[in-house]
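Subject: Structure handover

Hi,

Here is the structure I promised to pass on.

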Amino acid sequence: MSSILIPVALVSAIGFVLAVVLTIASKIFFVPVDETVAKLRAELPGANCGACGFAGCDDYANALGADPSVGTGKCPVGGAALAEALAAVLGVEADSSEPQVAVVMCNGNNDAAKTLMEYQGLKTCKAAKQLFGGLSACPYGCMGLGDCAVACPYGAIQICNGVAVVNRELCVGCGICAKQCPNSVIRIAPAKNKVVVQCNSKDKGAVARKNCSNACIGCGKCAKVCKFEAITVENNLAFIDPEKCKNCGLCAKECPTNAILNMRAKRKPAAPAEAPTPAAEAPKAE
Amino acid sequence: MGLASILLGVILVNNYVLAQFLGICPFLGVSKKLDSAVGMGVAVIFVMVLATAATWPIQQVLNNFGIGYLQTIVFILVIAALVQFVEMALKKFIPSLHKALGVYLPLITTNCAVLGVCISNIDEGYNYIQSLVNSTGAGIGFLLAMVLFSGMRSKLEGNTSIPACFQGVPITLVTAAFLSLGFMGFSGLV
């Protein structure tokens with residue numbers, strides 16, 4: 001009997017002593033958590049998405065508490081309201097946090113883009129990409145298998161007609177979707193820009209057009225028509241500088257392939273007589 | 001056995017990572033950057049010496065009761081509690097060191113190399129001083145392996161001549177194998 005009692009008693013005793021020692025130590029060595037940091041942490045959303053550039057909300061709160069010059073506007077989830085709340089805790093001026101959203105740079109839906117194959121493999125973009133570089137003829141575009149939609153913690157992405165579509169009302173611009181996309185079709189851009197190039201193809205015009213009727217062919221008409229010199233064409237692909245763009249929408253009208261989307265313009269058949277309120281832009285965001 | 005030969009032997013000949021294959025997880029996981037590799041290595045030296053200092057006397061107690069077979073479970077218990085205690089103490093008294101060791105300190109609580117060195121001290125029949133020297137050497141050997149490997153990995157980073165199928169983990173494992181093979185050249189030194 002004692003052959004089992006002694007070991008049990010000994011291990012229990014060691015465990016008990018260690019527990020007591022650790023409990024006492026945690027009282028003696030207690031380091032008071034900075035009150036400001038605790039308050040900051042309470043304000044932060046706690047999504048731990050890392051979009052602020054720190055390893056989670058705790059880390060951001062610590063960094064802010066240690067040095068307010070880090071900036072209160074780093075959190076895209078909380079946006080401007082959070083920046084002000086954080087600034088109020090710290091007693092500093094809020095820095096403007098520009099709301100950001102994800103932009104899908106592809107409109108190669110099932111009607112426009114050619115597919116290479118009848119893909120029956122694993123329904124993820126990453127798997128499809130392994131097979132001859134993807135199932136669509138255009139190697140740069142959205143494959144529409146929805147890795148981004150699955151990854152989005154806010155449910156802001158849907159696959160509509162074979163292309164990822166971002167709901168701008170739900171999107172917070174955290175950038176998780178952009179990391180998932182094997183073709184890097186998704187870009188994080190300021191939400192104020194309502195005119196976007198919906199193409200990612202760096203192929204020459206003729207090739208791009210052959211693969212997808214909505215492709216940017218790099219003709220440069222948009223760059224010529226832009227009054228603010230906001231558009232540059234590089235690698236057969238138009239790029240709108242978000243800083244310079246004034247959302248006038250001239251380029252969208254000029255584009256021969258409708259590769260540029262103007263979200264402010266009323267959609268011809270889709271959105272009939274709605275007033276141009278912000279809500280009217282939201283339903284078909286991309 | 002002299003202390004110097006114990007030290008040299010455990011650093012080069014019986015290197016815990018490269019010859020005994022203990023502590024492979026942090027060896028592969030934390031060796032991407034040189035500074036974090038050094039941080040981890042220093043933390044391992046620190047914990048190995050402390051753990052040996054605590055577990056060697058406890059083994060004598062266990063032996064007295066004739067229950068030496070409880071070694072493993074008691075050692076794990078003691079090492080985990082010890083590291084926890086040290087972390088709290090460091091946080092209070094030497095915050096700078098606590099910050100430098102960072103996440104690695106709690107991480108190595110459950111590292112098999114730490115437990116391994118404590119057990120092998122007993123198995124080899126070392127006395128207290130020899131055990132401490134052996135643990136220090138094991139930690140230094142770990143640091144050495146980490147630093148060497150992080151240097152090799154920095155050359156792999158962004159290297160375009162690696163075939164696509166070998167990029168990432170495969171080439172890292174192959175490299176680790178070569179480093180281990182290289183260390184076999186030290187066998188028979190001590």
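Predicted model: local features only at pLDDT ≥ 70, side-chain atom pairs only at ≥ 80, totals over all residues.

Between chain B and chain A, about 1400 Å² is buried, and carbon and sulfur atoms give 91% of this; buried area is the accessible area (1.4 Å probe) that two parts lose on being put together, summed over both. On the chain B side, B:Phe85, B:Met88 and B:Lys92 lose the most area to chain A, together 33% of what that side buries. The contact (heavy atoms within 4.5 Å) takes 16 residues from chain B and 16 residues from chain A. There are zero salt bridges between the two chains, a salt bridge being a side-chain nitrogen of Lys or Arg within 4 Å of a carboxyl oxygen of Asp or Glu.

Residues are numbered from 1 along each chain as its sequence is written, chains are lettered from A and ligands numbered from 1 in the order in which they are written, and side-chain values use heavy atoms, with hydrogens and water left out.

Chain A has eleven helices and eight strands (DSSP runs numbered from the N terminus: helices H or I, at least four residues; strands E, at least two). Of its 286 residues, 41% are buried, that is, under 20% relative accessible area with a 1.4 Å probe, protein chains only.

Strands β2 (residues 157–160) and β3 (residues 163–166) of chain A run antiparallel and are joined by four bridges (strands pair if DSSP finds at least two bridges between them). A:Cys160 has A:Val163 as its bridge partner in β3(A). Two residues separate the strands, and A:Asn161 in the turn has a positive phi of about 55 degrees. In a regular strand the side chains alternate between the two faces of the sheet. In β3(A), A:Val163 and A:Val165 point one way and A:Ala164 and A:Val166 the other, and all are buried.

Back in chain B, B:Asn15 sits in the loop between α1 (3–13) and α2 (24–29) and is buried, with a relative accessible area of 0%. The side chain of B:Asn15 reaches the backbone oxygen of B:Ile11 at 3.0 Å.

Best wishes

Technical notes. Buried < 20%, exposed > 50% of the residue type's maximum accessible area, 1.4 Å probe, protein only. Polar contact = N/O pair within 3.5 Å; in protein donor to acceptor, adjacent residues only side chain to side chain.
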